[in-house]
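Let us take a walk through a protein model together. Have a look at the picture first, and then we will go through its parts step by step.

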Amino acid sequence: MPELPEVEAARLALEEHCVGKRIVRCSAAEDTKVIDGVAPSRLEAALVGRTIAAARRKGKNLWLVLDSPPSPSFQFGMAGAIYIKGVELSKYKRSAVSPTEEWPSKYSKLFVELDDGLEFSFTDKRRFAKIRLLDNPEAVPPISELGPDALCEPMQLDDFVQSFGRKNAPIKSLLLDQSFMSGIGNWMADEVLYQARIHPMQTSSKISKEKCKALHRCIKEVIEKSVEVGADSNEFPENWIFHSREKKPGKAFVDGKKIDFVTVGGRTSAYVPELQILDGADAAAANRSKKGRDKAEENVGKTSKKGQKAAPKEGGKTAQKTSVDEEEEEDDKPAKQRAKGAKGPPKKAGNTRADDHEEGGDEDEEAKPAKRGRKRPAKGPSKKEGCPSDNEDSLGKEETVVAAKRPQRKKR
């Protein structure tokens, strides 16, 4: 999903090309899932005639400051993107709209024309984004609940070390907590942890001061580099884990070292076991857990040999899975909201692809889901009059019904 670098690239483009210009035309989609808390017609009326004074961002949220309130705000969700007609912008692959499509795109949720003829559009192929109309976006959720922005409001080193020392959550979960620090999502968390050589399951309070300093430095370096290249992943350094974190287990390597995958805080995390090693008490706990799993599997094997049916392993076909859509949408929520909204048991760490980003996943979400219902048992070949069959060939067969013979009584 778009993270701090992608949203910052959109903000910079709006600042360069749109600030100081007046909105002369606006069109909002009739999509109440994306257009949140305001009627599309009211959103359009509130923007037309206003001049864009500034483009602001905090975390993964962006908003336009107009010459008078209210302001439109954009929460990018999984696939939100800003397009400016005639301006080349780096495209997050899940957000990318084909240049051969009509303008504005069929995925456009808000289209704006400016007084000099320039046009821009906010699109969302997956419909997890939110567009709101707010008097003061910074004063209300979700922006008011965000922690300091990882780029614009970086923590001082001493504060950073102390903050981590007070948290007992896994480090990966803490980095994804937008109320702790805003802007870092799944791929960035994996990258900074790899660069700092920290295991994603390491407890935050148990990280050494030296590694904490390394993490502080790596967050700064990864953000600055990705923003510098306009969030164009093709320009990311070759030694970043980013380029291989979406490959399948056994085929994912970085600098010749194997990448493995583990689920932390409900998110699939890519890491290099050879370099990112659990320390201290976390390592001991992991070893005990592994021994327990091995013993349980051994007992299951013995039970199976006796002829009894073995219980299905967690993580198998019967295990409940969290969809990628739900998984990635959780990044935009503070930790408390994610905890309240969590359903079902946590996923077991296993060999799953990081993020499961597939090009085929970018289907149009506006299609209605198929209706679900209980299957009814077949009533046999006979049908009521006036109810045509779905299959013309089977109609004649079904009309030919042989009457069942009544059994004869035995003679006394």
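Contact here means heavy atoms within 4.5 Å. Sorted by class, the residues of this contact of helix 1 with helix 6 are four nonpolar, one polar and one charged. In this sorting, Ala, Val, Leu, Ile, Met, Phe, Trp, Tyr, Cys and Pro count as nonpolar, Asp, Glu, Lys and Arg as charged, and the others, Gly among them, as polar.

Before we go on, a word about what you are looking at. This is a predicted model, in which local features need pLDDT of at least 70 and side-chain atom pairs count only at pLDDT 80 or more, while totals for chains, interfaces and linings use all residues. Residues are numbered from 1 along each chain as its sequence is written, and side-chain values use heavy atoms, with hydrogens and water left out.

Now for the overall picture. The chain has ten helices and twelve strands. Helices (H or I, at least four residues) and strands (E, at least two) are DSSP runs, numbered from the N terminus. Of the 412 residues in the chain, 43% are buried; buried means under 20% relative accessible area, exposed over 50%, and partly exposed in between, with a 1.4 Å probe and protein chains only. Among the contacts in the chain with a separation of 6 or more, 69% join residues 24 or more positions apart.

Back to the helices. Two packed helices are described by the angle between their axes and the distance between the axes. For helix 1 and helix 6, the axes come within 9 Å and cross at roughly 40°. That makes helix 1 oblique to helix 6. The axes are lines fitted to C-alpha atoms, for helices over the stretch in contact, and angles run from 0 to 180 degrees between N-to-C directions. Angles under 35 degrees count as roughly parallel, over 145 as roughly antiparallel, 65 to 115 as roughly perpendicular and the rest as oblique. The crossing of helix 1 and helix 6 is right-handed; a crossing gets this name if the near helix is turned clockwise from the far one by less than a right angle, and is left-handed if anticlockwise.

Helix 6 (residues 209–228) also meets helix 3 (residues 157–165): their axes come within 10 Å and cross at roughly 120°. Helix 3 and helix 6 are therefore oblique to each other, and their crossing is right-handed. On the helix 3 side, the contact is made by Leu157, Phe160, Val161 and Phe164, and on the helix 6 side by Lys209, Cys212, Lys213, Leu215, His216 and Ile219. By class, this contact of helix 3 with helix 6 has seven nonpolar, one polar and two charged residues. While you are at helix 3, find serine 163, which lies in it. Serine 163 is buried, with a relative accessible area of 12%. Not counting residues up to four places away in sequence, serine 163 touches Met155 and Phe180.

Helix 5 (residues 186–196) is another partner: the axes of helix 5 and helix 6 come within 9 Å and cross at roughly 130°. The crossing of helix 5 and helix 6 is right-handed. By class, their contact has eleven nonpolar, two polar and one charged residues.

Let us turn to the strands. Strands of a sheet pair through backbone hydrogen bonds, either parallel or antiparallel. Here, an open sheet of four strands has the order 2-3-4-8, with antiparallel pairing. Its edge strands, each pairing on one side only, are strand 2 (52–58) and strand 8 (130–134). Two strands pair if DSSP finds at least two bridges between them; strand 2 and strand 3 (residues 61–66) have six bridges. Alanine 55, for example, has leucine 64 in strand 3 as its bridge partner. Helix 1 (residues 4–17) lies across strand 2 and strand 3, running at about 170° to strand 2.

Our last stop is leucine 110 in strand 6 (residues 108–114). Is leucine 110 buried or exposed? At 2% relative accessibility, leucine 110 counts as buried. Leucine 110 and serine 27 are 83 residues apart in sequence, yet 5.8 Å apart in space, C-alpha to C-alpha.
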